[in-house]
Amino acid sequence: MSALPAREAVSAVATLSARELTHRYSPRRGLDPVSFDLAGPGVTAVTGPNGSGKSTLLRIVAGLLRPSGGSCVLACEGRELPARARRPAIGLAAPDLSFYEEFTVGENLSFAAEARGLDDPRGRVRESLERVGLLARAADRADALSSGMRQRLRLAFALLHQPPVLLLDEPGSHLDDDGRVMVARLVGEHAERGLVLIATNEEREKTLAGHAIQLRGRGVGDPA
Amino acid sequence: MPATRSSSAGAVWAILRKECRSEWRTRYGLNSALLFAVTTLTSISFVVGKIADRTDILAALLWIVLVFAALASLAHTFVREVEGHTMTMLRLVASPTAIALGKLGFNLLFLGVLEAVTVPLFLVLVGGPPLHWDRFLAVLGLGSVALAAAATLVGAVIAQTRGRGALFAAVSLPILLPVLAGAVSGTRGQWNGAPIGAELRLLGAYAAALLGASLILYDHLWEE
């Protein structure tokens with residue numbers, strides 16, 4: 001990966017450091033050792049070939065996956081957050097994020113807001129749906145959404161609690177041009193006050209980032 | 001980060017409501033559990049008739065019907081999250097302990113509804129001596145807590161395994177045997193007018209031990 005100079009940490013909302021961070025999906029290696037220092041606010045792209053570990057890296061940062069080796073330290077407002085305490089600080093939109101199909105769009109987000117203990121859950125749901133252009137579909141069941149609409153719902157879910165760290169795994173997938181413009185706007189807004197990591201190989205999404213972490217994993221087909 | 005309320009109790013409550021709403025919409029577990037209970041009791045009544053003098057058989061029959069009617073649905077609350085790919089969403093909004101406690105609460109409610117239908121039907125169709133209601137309800141209540149705690153724990157443990165069908169039977173049997181033994185003996189004892197203090201203590205202690213072990217284990221579940 002490319003070594004990144006950390007921004008001034010004094011005013012940073014969030015900092016993220018990795019040292020020789022690695023993960024194995026036995027027996028296959030999911031993430032080759034990677035080290036970096038990031039400090040928000042700002043946007044960083046995580047790039048690399050298929051199978052190089054972009055999604056794995058984001059899941060480790062989110063605290064969903066325990067790394068096989070190395071360390072990953074996330075701190076918000078100067079306070080280090082262990083993996084189990086990262087939920088309030090992390091917003092994740094990833095392709096494997098699914099919703100309850102028997103619930104409406106609004107009900108899915110209301111449940112998430114209530115489980116997160118947010119004040120004014122209805123207001124939060126309305127605001128996040130408005131931001132991704134999905135407010136008109138709030139009463140639709142989740143299983144009635146197109147793939148593009150589902151992607152917008154994932155983004156609304158990630159933004160719901162206004163987290164200081166936003167992890168976007170292929171945020172533009174399935175989106176039309178308007179949707180991609182919306183992603184660029186959301187990333188720009190969030191980057192003013194938080195840390196954004198975008199796992200992508202899309203040129204348009206790479207340009208949103210001020211920095212890049214280039215994963216040089218073995219990629220598809222290499223069993224090592 | 002936005003303002004949040006004290007989140008643990010709120011998350012448990014949100015998950016309990018979500019489970020109830022999901023069950024109400026899909027009737028996934030309740031219909032099949034009730035169908036099993038009604039079919040079994042009707043068949044027994046049709047073939048054997050009333051067997052009021054055999055309290056040992058009656059007690060065993062009641063708990064076998066309750067356990068088998070409830071078990072698949074109780075353990076399936078976690079499997080549904082895995083098969084519906086909603087586990088990632090759930091893990092992002094609540095701690096493993098809150099998730100498990102919410103599901104335990106739902107399982108207790110589920111058992112309550114099942115028993116409210118099955119027990120009167122059992123007494124009408126299969127018969128039995130007059131119940132000592134206070135002692136019977138004590139056995140039923142403690143047995144239900146132990147059964148729900150056992151099924152929730154087993155469901156949580158097997159949910160992410162590949163051979164969960166086979167594993168469910170293998171893990172459930174030793175965990176459920178003490179519940180069945182205590183509940184059947186206690187139910188028979190209340191019918192016979194025998195002291196059931198030992199059975200109540202067994203069920204209570206076993207339920208407490210299962211809940212205690214669960215609270216310790218739940219935070220380490222689903223660590224990939």
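**Figure 1. Helices α2(B) and α5(B) are roughly parallel to each other.** In this predicted model, α2 spans residues 30-48 of chain B and α5 spans residues 96-125 of chain B. Their axes come within 10 Å and cross at roughly 15°; because angles under 35 degrees count as roughly parallel, the pair falls in that class. The crossing in which α2(B) passes α5(B) is right-handed. On the α2(B) side, the contact is made by Leu30(B), Ala33(B), Leu34(B), Ala37(B), Val38(B), Leu41(B), Thr42(B) and Ser45(B). The residues that α5(B) contributes are Phe110(B), Val113(B), Leu114(B), Val117(B), Thr118(B), Leu121(B), Phe122(B) and Leu125(B). By class, the residues of this contact comprise 13 nonpolar, 3 polar and no charged.

**Figure 2. Helices α7(B) and α8(B) pack in a roughly antiparallel arrangement.** Shown are α7 (residues 164-192) and α8 (residues 197-218) of chain B, packed at an angle of about 150° with their axes 9 Å apart. Angles over 145 degrees count as roughly antiparallel, and α7(B) is therefore assigned this relation to α8(B). The two helices cross in a left-handed sense. From α7(B), the contact takes in Pro178(B), Val179(B), Gly182(B), Ala183(B), Ser185(B), Gly186(B) and Gly189(B). The contact of α7(B) with α8(B) is made up of 7 nonpolar, 4 polar and 1 charged residues.

**Figure 3. An open antiparallel sheet in chain A is built from 4 strands.** The strand order is β2-β1-β4-β5. At the edges stand β2 (28-39) and β5 (79-81) of chain A; each has a single partner strand, so one side of each is left without a neighbour in the sheet. On average, and with direction ignored, neighbouring strands are turned by 30° against each other. Strand β1 (residues 14-25) and strand β4 (residues 69-76) of chain A run antiparallel and are joined by 7 bridges. Within this pairing, Thr15(A) has Ala75(A) of β4(A) as its bridge partner. Helix α1 (residues 54-62) of chain A lies across β1, β2 and β4 of chain A, and runs at about 120° to β1(A).

**Figure 4. Ser68(A) occupies the loop between α1 and β4 of chain A.** This residue counts as partly exposed, because it has 15 C-beta neighbours inside 10 Å. Apart from residues up to four places away in sequence, Ser68(A) touches Thr22(A), His23(A) and Arg24(A). The view also includes Leu31(A), which lies 37 residues from Ser68(A) along the chain. The C-alpha atoms of Ser68(A) and Leu31(A) are separated by 9.3 Å.

**Figure 5. The interface between the two chains brings 26 residues of chain B into contact with 25 residues of chain A.** On the side of chain B that touches chain A, the elements giving two or more residues are α1 (7-26) and α4 (87-93) of chain B. Of the elements on this side, α1(B) gives the most, with 9 residues. The residues on the chain B side divide into 10 nonpolar, 10 polar and 6 charged.

Conventions:
Residues are numbered from 1 along each chain as its sequence is written. Chains are lettered from A and ligands numbered from 1 in the order in which they are written. This is a predicted model: local features need pLDDT of at least 70, side-chain atom pairs count only at pLDDT 80 or more; totals for chains, interfaces and linings use all residues. Two residues are in contact if their C-beta atoms, placed from the backbone, lie within 7 Å. Ala, Val, Leu, Ile, Met, Phe, Trp, Tyr, Cys and Pro count as nonpolar, Asp, Glu, Lys and Arg as charged, and the others, Gly among them, as polar. Two strands pair if DSSP finds at least two bridges between them. Axes are lines fitted to C-alpha atoms, for helices over the stretch in contact, and angles run from 0 to 180 degrees between N-to-C directions. A residue is buried if 20 or more other C-beta atoms lie within 10 Å of its own, exposed if 12 or fewer, and partly exposed in between; C-beta atoms are placed from the backbone. Angles under 35 degrees count as roughly parallel, over 145 as roughly antiparallel, 65 to 115 as roughly perpendicular and the rest as oblique. A crossing is left-handed if the near helix is turned anticlockwise from the far one by less than a right angle, and right-handed if clockwise.
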